[in-house]
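Please have the sequence and the 3D view open.

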Amino acid sequence: MSFRFIGFLLIIFCVENSRISSAQVLRSKGKMNQQFVMNDETVIVNQATGQRISYHAYDELLKKNPGRYRTQPVFDKYGKASSFALIPKTKSEVETGITLTLDEDGMPEIGKPIPPFVMNGLDGKTYDSEKLKGKYVLLGFWVKFEKPLYTFESTKIISDFVEENREKGIEIVSLGTTINTDEECRSAIPKRNCGFIPVPNSYGFNHRYKVTETPFFILIDKRGIVRAMAAHTEFDNIKELSLR
């Protein structure tokens, strides 16, 4: 069976090496290179035609047109790269060799429904955005649960926000995505309230929601509508909201 590796770049703050599921992850100089395996069973859609093509046709097209296309993973509601888009490069991309594969275009928008998600928490529960309607949901997007980003101070503002609203009778389901495995999460999470339920092996959701800064937060209201979004340094924009 033939196969191909696709690189995917994302600006982040961490610099150490790590691993996500079956994909190899390498980080250096503030960038993460994530490689996804493609083979004969991969779903590939030619964006120029909107039609699905076979892996063989895809491979032949790239061979006949070197440097003219880029391949981008498409992440589903489970945070998995369930398909790939074959995208013709623009004239500028071909001439400069520079392609931006992940940016803020396509991020959730305040006032609009959150694209659906299904996350499996470290607590053994499944969190389906459709079934969570009627509750506030706080999504936190992390890389790894370790310093310098993951500290007592960085999580206390989250736990305080959740607890303050709980005392007012307002339930907030707080979830945190990470590249960490289940075992790594259990080892990294201290015996204190970190303010969210870790979701192991879930970094694909950072891609799905086009999150380019971590930690980053999205607050979803009881109707499933995005109420607010903020980077960690601007969490007060969420904390100061009056929920009811």
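Which residue just after α3 takes a positive phi? Gly 169 does, with a phi of about 85°.

The model is predicted: local features need pLDDT of at least 70, side-chain atom pairs count only at pLDDT 80 or more, and totals for chains, interfaces and linings use all residues. Residues are numbered from 1 along each chain as its sequence is written, and side-chain values use heavy atoms, with hydrogens and water left out. Helices (H or I, at least four residues) and strands (E, at least two) are DSSP runs numbered from the N terminus.

**Nonpolar cores**

- The largest nonpolar core has 22 residues, of which Leu 138 and Ile 238 touch the most other members. Such a core is a set of buried Ala, Val, Leu, Ile, Met, Phe, Trp, Tyr and Cys residues joined through side-chain atoms within 4.5 Å.
- Two or more residues of this core come from each of β11 (136-141), α3 (152-167), β14 (216-220) and β15 (226-231). The biggest contribution, 3 residues, is that of α3.
- Another core, of 20 residues, lies apart from this one and includes Val 199, Phe 205, Val 211 and Ile 220.
- Beyond its neighbours within four places in sequence, Ile 238 is in contact (heavy atoms within 4.5 Å) with Leu 138, Phe 161, Phe 217, Leu 219, Ala 228 and Ala 230.

**Helix α3**

- The end C-alpha atoms of α3 are 22 Å apart, which agrees with the 22 Å that its 16 residues should span at 1.5 Å a residue. The expected span is 1.5 Å times one less than the number of residues.
- Ser 154, Thr 155, Ile 158, Ser 159, Phe 161, Val 162 and Asn 165 of α3 are buried; buried means under 20% relative accessible area, exposed over 50%, and partly exposed in between (1.4 Å probe, protein chains only).
- Exposed Glu 153 and Glu 167 sit on the face of α3 turned away from its buried side.
- The cover over the buried residues of α3 includes β11, β12 (172-177), β14 and α6 (236-239).

**Four-stranded sheet**

- An open sheet of 4 strands runs in the order β6-β5-β8-β7, with mixed pairing. Two strands pair if DSSP finds at least two bridges between them.
- β6 (51-53) and β7 (69-75) are the edge strands, each pairing on one side only.
- β5 (residues 44-46) pairs with β6 in the antiparallel sense over 3 bridges, and Ile 44 stands opposite Ile 53 in β6.
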